[in-house]
Amino acid sequence: MDPCTTNPGPIDPLVLYDQEKHVSSAVWDGQERGALRCHEHTSKLGEWRLTPEQIELVERAGFGYLRKIPAISLDNPLISALVERWRKETNTFHFTVGEMTVTLQDVAYLLGLAIDGKPVIGVTHTTCNMVCEKYLGRAPDSNYASGGMVKLSWLKEFFSQCPDDAPIEEIECHTRAYLLYLVGSTIFSTTTGNKVPVMYLPLFEDFEEAGKYAWGAAALAFLYRALGNASVKSQSTICGCLTLLQCWSYYHLNIGRPKLNRDPVHHHFPFVLRWKGKQSGPTTNRDVVFYRKALDSLKPTDVEWLPYKYMDSTVIPEDIRNTLFLGRSKTMLICFDKAERHLPNRCLRQYGMPQPIPEDVSQWVRKSRGVDGGVDLSGKMESELSEWADRHLTIVESDDEVDENEYMQWYLRITRKVVGRPISLSSEFQRTISGLREISYLADTFSMKGLDPEQFDSISRIRCIAQECLKDQVGSPVVASSPPAASELGKRTRGKERVRRKGSGKRRRSNDTMEGNAASEDESQFCGAFVEVDQLHLRQAEGEVDHLPLCITAGDGDPAQLYDEPDKVENMQLHDSITNEVDGSHISHVAGENDQQMVEVEMEIVPQSSQFGDATNDSEVNNAANELNHSTISDATNGVNDKQVPLETDNINESQIHDIADKVNDPQLPAVTIVNDQEAKIEEEDIIQPPCLENTEDLGDQGDNSVAA
């Protein structure tokens, strides 16, 4: 058996120490959360009309390539499946082939943002009015602002159309509003809806200075934090630059890839332009489970470790090409209060290097800073800023003597190998129930002869434990079931009884008749108003009426028909209608076809609740409920609200025995009600109450239902 079916990992929790909080634990336990709600507000970006002066300012600020990226359709199930593989302990995806991640190099290639420069950090704000008034020239109304955030709709409404003859100050205000809208809808999108923090506005005060920030590193820090938050099993949303994440998957994984854009303009930079977005069409309606299974069975041939190797490098701007080496920098990524580790040493194959066993990652707490307004985060994140300042000194180098087999052996011990169960929980549950039934059968049929008291006690305990486990399961009777082979034989040779309860729909009137519904064994099932009764046996008092035909009480509707078959009696059905008074009940009994033989019927009933009383009324049988005061059949599944089904026991008049042989040949034997004037003693039956009744197949397994003709 594949070890993944019982232990998906990690075997050694040294690296993935937060496994219990991870969404993969919930998925393994059968708790599906579905596709995440993806927050990226790029649909309205195309409605902004920028003047040439604004475009120049946007490019100087470092967002000339980001503004060219159109809105693409997000594949929420694909993103959700990737999140299930993300581990915030290492800031990497844990796939079956090893660790992978979105690196600074990917950000530079795909978005065209700067990955080198000053850290994106500044002063936090809890109100919008003063900041917007200073950098935008106007403040939003109270219904457009919330704390230190402003609605994107307000920015679009008042700043998306800059007048052609506007003065430079107004052009700059409109451009700052556009930049705030751009970052708030793409790289810094939040889960708050369509809002963006105004703390980025001061960074756009001087457009030349804005171009010196490492916006790409900040975007990656923001995405890492969003992935980490979304990987917690209690979360249902994700934000950040999801276009970056989705296109990274398209380049590196052969899963859910759409068609490439063939338009020549899309062969230019940045490389995210080459993808159209998620697949479309009637055959591409894929859910999270589809992508999860694809990632669980990911093969090395499905991975593209160096997707940009054969790209035209001449289209990459020189300033970006000169900083690509920082993609291998083991450093700290910063975006205001969000600081995340960049660990390329864990995925060196993405740089064309062999992967050794990486060093341990020290646990760090992601603190929430800058809650109060007017806080300069530079003084609270000195250690993180120091790591970023040394980014040029922490470039990971290659080691050609690495044995990747050792890495994979180590990796399979510390990783979560699969997310979804290879065998569903329902299948495992059914297999467990089946095993318990077999144990219960073996314990019930085990011979107790010659056992000492200790062995006898052990067998009894096994039986009790198995029955205790099965008693609350629908379709799991406490009584032992027969082996499969004997069960199939028994179903062909034993009669079946069915108690039909009118538990739903309108009640029948007292003068209505009950019609017997014949059903085959394969069709009969336990559902709602039907309770299948097996092992239905009526034992005659020892020494009394022997070899007597059973005369069956029928209603005024269809007369009972008797057919004689030499060796077996089939399709014996017991019908009983539950009304306010016991009326119109009958037993439709199919017997053999031989009209020359006397019919002896032994009906053995597995009683369902309390014990039968003694039927000793010498005068007449007025009502079966009066004779059997305590005989009830309990509905084990409570589907009929514990209504009681009176069973009618016929007293046999010896004076009419000789008439039966003459009447058997009649195709429609009329109903006869017989009252025995002599003493008819019926043996008191012990009632065993099983917890539930199954379908015909399982009921047939419980024991013999012998009808001897």
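The structure is a predicted model, in which local features need pLDDT of at least 70, side-chain atom pairs count only at pLDDT 80 or more, and totals for chains, interfaces and linings use all residues. Residues are numbered from 1 along each chain as its sequence is written, and side-chain values use heavy atoms, with hydrogens and water left out.

**Overall make-up**

- The chain contains 20 helices and 16 strands; helices (H or I, at least four residues) and strands (E, at least two) are DSSP runs, numbered from the N terminus.
- Of its 709 residues, 51% count as buried; buried means under 20% relative accessible area, exposed over 50%, and partly exposed in between (1.4 Å probe, protein chains only).
- The chain exposes about 33800 Å², and carbon and sulfur atoms supply 47% of that area; accessible areas come from the Shrake-Rupley method with a 1.4 Å probe, and for residues only the protein chains shown count as cover.
- Among contacts with a separation of 6 or more, 80% are between residues 24 or more positions apart; contact means heavy atoms within 4.5 Å.

**Nonpolar cores**

- A nonpolar core is a set of buried Ala, Val, Leu, Ile, Met, Phe, Trp, Tyr and Cys residues joined through side-chain atoms within 4.5 Å.
- The largest core has 120 residues, and those that touch the most other members are Phe63, Phe95, Leu155, Ile187, Tyr200 and Ile238.
- Helix H9 (residues 215-230) gives this core its largest share, twelve residues.
- Leaving aside neighbours within four places in sequence, the contacts of Phe63 include Val58, Leu113, Leu179, Ile187 and Trp215.
- A second, separate core of six residues includes Val15, Leu16, Trp410 and Tyr411.

**Helix H14**

- In helix H14 (residues 404-414), the buried residues are Tyr407, Trp410, Tyr411 and Ile414.
- Seen down the axis of H14, these residues fall within an arc of 105 degrees, so they line one face of the helix; the arc is that of the directions from the helix axis to the C-beta atoms.
- An α-helix has 3.6 residues a turn, so residues three or four places apart point the same way.
- The exposed residues Asn405 and Gln409 sit on the face of H14 turned away from its buried side.
- Strand E3 (92-95) and strand E4 (98-100) pack against the buried residues of H14.
- The N-terminal end of H14 is capped by Asp403, with a side-chain oxygen 3.1 Å from the backbone nitrogen of Asn405.

**Glu99**

- Glu99 belongs to strand E4 and is buried, with a relative accessible area of 1%.
- The side chain of Glu99 makes a polar contact of 2.6 Å with the side chain of Thr92 and another of 2.8 Å with the side chain of Arg346.
- A polar contact is a pair of N or O atoms within 3.5 Å; within protein, one must be able to donate a hydrogen and the other to accept it, and residues adjacent in sequence count only if both atoms are side-chain atoms.

- Helix H11 (residues 288-296) has the buried residues Val288, Tyr291, Arg292, Leu295 and Asp296.
- These cover an arc of only 140 degrees around the axis, which puts them on the same side of H11.
- Their cover includes helix H1 (23-28), helix H3 (76-85) and E3.
- Glu304 lies in the loop between H11 and helix H12 (318-321), and at 37% relative accessibility Glu304 is partly exposed.
- Glu304 and Tyr251 are 53 residues apart in sequence, yet their C-alpha atoms are 7.0 Å apart in space.

**Backbone details and cysteines**

- Cis peptide bonds join Gly9 to Pro10, with omega about 0 degrees, and Phe269 to Pro270, with omega about -5 degrees.
- Asn91, in the loop between strand E2 (86-87) and E3, has a positive phi near 55 degrees although it is not glycine.
- Phe336, in the loop between strand E9 (331-335) and strand E10 (338-342), also has a positive phi, near 55 degrees, and is buried at 0% relative accessible area.
- The count of disulfides is zero, where a disulfide is a pair of cysteine sulfur atoms within 2.5 Å.
- Cys239 is buried at 11% relative accessible area, and Cys335 is buried at 1%.
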